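Colleague: I'm new to reading protein models, and I'd like to learn by asking. Could you take me through one, feature by feature?

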Amino acid sequence: MKIYESWIQEWLKTFGVKGKVTDTLEFLNKDEEIDGERQIRVILGVETEQEVVVFKLVHESMFNRELIESQITFSQKLRESGIATTYQYRTQEGYTQEVVLEGIRLCLSCEAFMGSEPEALTEELAYEIGKMMGNMHRISEEQKLEIGFSRVYHEVMNKSSYKKIWNNQYPNWIDKNWIDKITEKHDSLMEEIQSKWTELPKAAVQGDIFGVNNVYVTEEGIGVYDYNLASDEVLVGDFLMYWYRTVADPSMHTFLLQSNVDHMWKAYTTGYLESRSLSELERKIGNPLSAVLGVLHLSKLAIELKEEGRKEEAIQCLAAAERSIDKPRWIE
């Protein structure tokens, strides 16, 4: 979608941002048709004489205005409690404003530009991210913060079988018996996890931090932005999701070498546990949950590598997935 300067100037007035536009930068401009419906998401940086703000325009079937308002409200409650997170501008109606562009209704929000993502994941940064996430979880749990929407929680409650990631088919490049063996282990662990899932501490989480994604660095330390995937989740699950999404992200592999991966894990968990203590049940369920998340994320990465023609690396990744389910990484 083409964005005109006259629109931007009007949006600045709507959110009470002073000054005229001096520069703009498109971070994202996604406009596509999915299942017969137009889906639009635009993220636009705008510089004025006084400040730099980021506008977000959303027209997507999954994200109505009520949900976006709830996600932003959650981020601001964290901010009020001391978490370094994005400052959101308001109108009299709330954090979001409905606008009609080219005959399409979109949800518009405006936030301050807080900083850029760090260039590399280091042990020190992993520790700080763990500490920040622990604080976010603790605050959310203590204040009983909710979004009113869940993603991972419902996926676990549906108890998906491991074979689902293979589309319930046997690919010709993997031994059928291997998949059957992993499926039996995975599905058995899922039953154990599901039996306790509703008893685990659950609250609103940011939901999209992994590696250095959505983390920014300032002179005062680190912060987090972008709450568009914020949802109500089991906290120990979100804690582990950070690690396994990081491990399975190819962009992180430069920093997650075999020689330092253990140190990264220890730094991350140390930071988290300094901010929030795990309950007895969380510690107990962490081992099977780590096994399940590890095998799922590493198997998905293996599939991606195979599709890129990197079969040897894909096979190595599946070996790591098997190690993960047999001997999961968890807190000592």
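Colleague: In which loop does Asn 167 lie?

Modeller: This is a predicted model, so keep that in mind throughout. Asn 167 sits in the loop between α4 and α5, the latter covering 176–197.

Colleague: And what is phi of Asn 167 near?

Modeller: Phi of Asn 167 is near 55°, a positive value in a residue other than glycine.

Colleague: Is Asn 167 buried or exposed?

Modeller: For that you compare the relative accessible area with a cut-off: over 50% is exposed, under 20% is buried. Asn 167 has 60%, so it is exposed.

Colleague: Which loop holds Lys 144, and what is its phi?

Modeller: Lys 144 belongs to the loop between α3 and α4 (152–157). Its phi is positive, about 55°, although Lys 144 is not a glycine. With 68% relative accessibility, Lys 144 counts as exposed.

Colleague: What would a second pair look like, say Thr 73 and Met 264?

Modeller: Thr 73 and Met 264 are 191 residues apart in sequence, and their C-alpha atoms are 32 Å apart in space. Thr 73 is part of helix α2, residues 65–80. Its relative accessible area is 26%, so Thr 73 is partly exposed.

Colleague: What is Phe 15 in contact with, leaving aside its neighbours within four places in sequence?

Modeller: To read a contact list, start with where the residue is, then see who its partners are. Phe 15 is in the loop between α1 (5–14) and β1 (21–34). At 4% relative accessibility, Phe 15 counts as buried. Its contacts beyond those neighbours include Phe 55, Tyr 89, Tyr 95, Leu 108 and Cys 110. Take Tyr 89: it is 74 residues from Phe 15 along the chain, with 6.0 Å between the two C-alpha atoms.

Colleague: Now helices. At what angle do α8 and α9 pack?

Modeller: Helix pairs are read from two values, the angle between the axes and the distance between them. Helix α8 (residues 280–307) and helix α9 (residues 311–326) pack at about 175°, and their axes are 8 Å apart. Angles over 145 degrees count as roughly antiparallel, so α8 is roughly antiparallel to α9. The contact of α8 with α9 has 12 nonpolar, 4 polar and 3 charged residues. Among the residues that meet are Leu 298, Leu 301 and Leu 305 in α8, and Cys 317, Leu 318 and Ile 325 in α9.

Colleague: How do the axes of α3 and α7 cross?

Modeller: The axes of α3 (residues 123–142) and α7 (residues 261–275) come within 6 Å and cross at roughly 30°. That makes α3 roughly parallel to α7. The crossing is right-handed. By class, the residues of this α3 and α7 contact divide into 7 nonpolar, 8 polar and 4 charged.

Colleague: And how do α3 and α6 run, parallel or antiparallel?

Modeller: The axes of α3 and α6 (residues 235–247) come within 11 Å and cross at roughly 160°. The two helices are therefore roughly antiparallel to each other, and their crossing is right-handed too. Ile 129, Met 133, His 137 and Glu 141 in α3 meet Leu 235, Asp 238, Phe 239 and Tyr 242 in α6. That contact has 5 nonpolar, 1 polar and 2 charged residues.

Colleague: Let's zoom out. How many helices and strands are in the chain?

Modeller: The chain has 9 helices and 9 strands. For overall form, you compare the radius of gyration with what a compact globule would have: near 20 Å for 332 residues, and the chain's 21 Å agrees. Buried residues make up 53% of the 332. Of the contacts with a separation of 6 or more, 72% are between residues 24 or more positions apart.

Note on methods
Residues numbered from 1 in each chain as written. Predicted model: local features only at pLDDT ≥ 70, side-chain atom pairs only at ≥ 80, totals over all residues. Heavy atoms only, no water. Axes fitted to C-alpha atoms, helices over the stretch in contact; angles between N-to-C directions. Helix = DSSP H or I, 4+ residues; strand = E, 2+ residues; numbered from the N terminus. Parallel < 35°, antiparallel > 145°, perpendicular 65-115°, else oblique. Left-handed = near helix turned anticlockwise from the far one by under 90°. Nonpolar A, V, L, I, M, F, W, Y, C, P; charged D, E, K, R; others polar. Rg over C-alpha atoms; globule rule 2.2 N^0.38 Å. Buried < 20%, exposed > 50% of the residue type's maximum accessible area, 1.4 Å probe, protein only. Contact = heavy atoms within 4.5 Å.
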